[in-house]
Every structure is written in structure tokens, then in C-alpha cells.
Amino acid sequence: MFWRHASALFGWALIYYVAGVVSQQFDSPAFQISLVWFPSGVAVAAFLAVRWGSWPLLFFIFSMVSVLLEQHWREDVLSALFYSVLSLPASVVIAWIVRRFARPNDDLHAILLWISATLIISALDALITGGGIALAAGLPLFSLFWVSLIADVTGILFVTIIIMGFLNIRVRSARLTLRAKLAGAVVWLLLCASTWLIFSGKLQDFAASGAALYFALSCIPIAIAIVLSIIAGNRGGSLALLTLGAIVIFYTYQHQGPFFLQGLHSGEPLLLTQCYLTATALLMVFLRGLSHSIHSFNPETGRIEGDGVMYQLNLESGEILWDSDIGALFGERGSTAFLHIDAVLPRIHPQDREKLKQHWRAAEGREPQGALALRIRTANGEWLSIVDGGCVLLTGTEGNRVMGNWQISQYN
């Protein structure tokens, strides 16, 4: 347990550091900040994925890694520590808003909430931190504000989508068949080849005959990336975005590609690249969320599809009848520990136990019930978040029964 948790935190720290090193290749000595800051997206994804109790330690780890990155601009350790700590609260607030206010099993609402929180919190962060740097260094506030805002928004939107797709937390895809894997591999190779051909400068002669048409060719990799996402699911989409981003960023750093056109001012090609990658990522995440929302409910029964199990609780005997193996949700296939209320309640988190009792009592009183989020302890001692769907009361010869649905939450 300890080593698994430690390795996960080390992995987040390593990803955060690598993302920072990549971002520093696009730094602006004039503004003392990077023109795109990918660690912000890593931090948001990490705080969305880990348990609440790990947040303080993760904040500390990211702060220490940020000190190493900040020394790229600042030799003073205290100054580097100050700016590194100052760069994290925005990511923490964005993740907290999404986890606190996102509706269970409503991906489109979560996506819109995340985008809105990113834009608003990043703007406030750019105003505060950018304003502080501008006042301290005597730099123009307006210009620094926009540079900081675009860097944060781009980093958060693009990187968070990639990481959350690989983690596959919100949407659990079915296993890919061999045919789908082969098709995905072919499409991925086609994505690599087309992106390399378009952004490596191999079509410069073509660009000379039609710059606008050369610029339009950049849409081809987007279409191929979407196809890969459809074939291979969330992780295929994230692989497509990562591949596309790596190739585009590499050749942008080499001052090549369709975004380096005559008449553009310094910095504008990078801005076009950021918009290109961010728009592609948003398009794919909306398609991802929309496709899942369409199939979230069985049109005949209204039951949420996926990792959910219906149950019937006999209020007199306390016996619970599940329509399938409830232990499979928690990695305990064939377990008999969920067949009676006296065995289930001790495994519910102490802070959620009374909420669940009230949830069932309210159903007994025929009050309308909404979804209830709660935590349950698994066999290995971890807390797993689940959602209890709206309960309804059934009456019959065997006594009153409460019928509901348990489904794994999108959050760990």
C-alpha cells in the first residue's frame, strides 16, 4: 500500500517536472515566464485523480519540483520557492470546484464546469501573479496578463485532457478487440506520418503556391486523431493528442510548419500553435463526453450503464438482494459480505454512514430521492467513492423494500 502510494506520487512529480522542462523551451526572458505552462495541467489532473487526503502532500511535492523549475529564471532559492508556491493555488481551486460541484454521471456538465473554472480562475491568477511580477520588474501589466493567462489556459486544457484520458477515470471503455487494436495502430501511424509531413517543412514548396491551403492542411491530423479516438476510446484519443502535440511542438520550436507564414509577428506562430492544440483537445473531449452522455442510460429501463449494480433492501429483515455480483465493483468477486445491512454499514465511511441511513429512511417515507455520494472501504483498506442512485419504495408480501443503484463514482 505504502509503496504503491509513494510510486504514484513520484510519478506525478516526474510528469510535472518533465512538463516544466518542455514548457521552459518556450520561455520569454522579457516577461520572466514561459509562454506555455504545461505543469498547470498536470497539477489539475493530479488533484482531480488522487484522494482528498493526498492533496497536502501532493501540493508540497509540486512546490518542491517547482522550485527546481523556477531556478531557471531565479537564482535566489527563497524567491523561487515563493513563485513556485504561488503558481499552484489556481490548479488546486480548479480541481476543487470540479470535484465539489460536478454532477455524478454527467460528463458534459463536468466538462463545462471545468472549462469555466479554468477560464475564470486562470484570469484571476494571471491578474494577481502577473500583476505582481509586472510591478516588481517594471513590466507592462496588460501584456504580462495576457501572456500568463494564455500560458495557463493552454497548459491546463491540453494536458489535463491527455492525462485524464489515459487514467480513464470518468468513462470506462470496453476492452478492445484485436481488430480494433490493429486498426488503431494503423491510424496512429497515419497520424504520425501526416503530422510529420505537414509540420516538418517538407511542404514548403507547396506553401509557396498557396499559403492558405497549406495552413488548411493542418486540419488533416485533427481528423485522423478523432478517428483514432473513436476506434481506441479515451486512451486512444489521449495517445493521439500526445503524439500530435509532441510533433507540432517540436517543429514549432524549430520554426517550421504551416503556422510560420509571411507577415506574422514574433510570438504569433506559437500563439497559433497553442490555439490549434487546445481547440483540438477541446473538440475531442466534447465528442468523448457527448458520446458517453448519449449512452449513459438504458432507453428501456433508465438504468445507468457501466459499472453499476441494482439492489433491493428489505427494511424489515435487513437483507440486501443484488441483481449481480456487487463484490465485482470492489475487486471482491463472489464476496458474501454485502448480503445484509449489518455487514455493509460498517464498511461505509463514518462520515457517510448516517447519510446513507437517512437516504434509506427518506425513501421509506416516500420522499423523492436524488443521488447520494458516499465512500466504502474495500478489502485492501482503500476508500472507494460510489454513488447511490435515487431510491424508490416497493411494497409487497415480503415487506417494504428500498430499490436503488450503486455505481462507482468518477473520482477516486
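In which handedness of crossing does α2 pass α5? The structure is a predicted model, in which local features require pLDDT of at least 70 and side-chain atom pairs pLDDT 80 or more, whereas totals for chains, interfaces and linings use all residues. Residues are numbered from 1 along each chain as its sequence is written, and side-chain values use heavy atoms, with hydrogens and water left out.

**View 1. Crossing of helices α2 and α5.** Helix α2 (residues 39-49) and helix α5 (residues 89-101) have axes that come within 8 Å and cross at roughly 40°. α2 is therefore oblique to α5. The crossing of α2 past α5 is right-handed (near helix turned clockwise from the far one by less than a right angle).

**View 2. Packing of helices α8 and α11.** The axes of α8 (residues 178-199) and α11 (residues 219-253) lie 9 Å apart at an angle of about 25°. The two helices are therefore roughly parallel to each other (angles under 35 degrees). Their contact comprises 23 nonpolar residues, four polar and no charged.

**View 3. Nonpolar surface patch.** Phe 10, Leu 14, Tyr 17, Val 18, Val 22 and Leu 68 together have about 570 Å² of accessible area (Shrake-Rupley method, 1.4 Å probe). Patch residues have over 30% relative accessible area and no salt bridge, with nonpolar side chains joined within 5 Å. Helix α1 (residues 2-23) gives the most to this patch, with five residues; Val 18 is found in α1.

View 4. The structure holds three salt bridges.

Definitions and conventions. Axes fitted to C-alpha atoms, helices over the stretch in contact; angles between N-to-C directions. Helix = DSSP H or I, 4+ residues; strand = E, 2+ residues; numbered from the N terminus. Parallel < 35°, antiparallel > 145°, perpendicular 65-115°, else oblique. Nonpolar A, V, L, I, M, F, W, Y, C, P; charged D, E, K, R; others polar. Patch = residues over 30% accessible without salt bridge, like charges linked within 9 Å, V, L, I, M, F, W, Y side chains within 5 Å. Salt bridge = Lys/Arg side-chain N within 4 Å of Asp/Glu carboxyl O.
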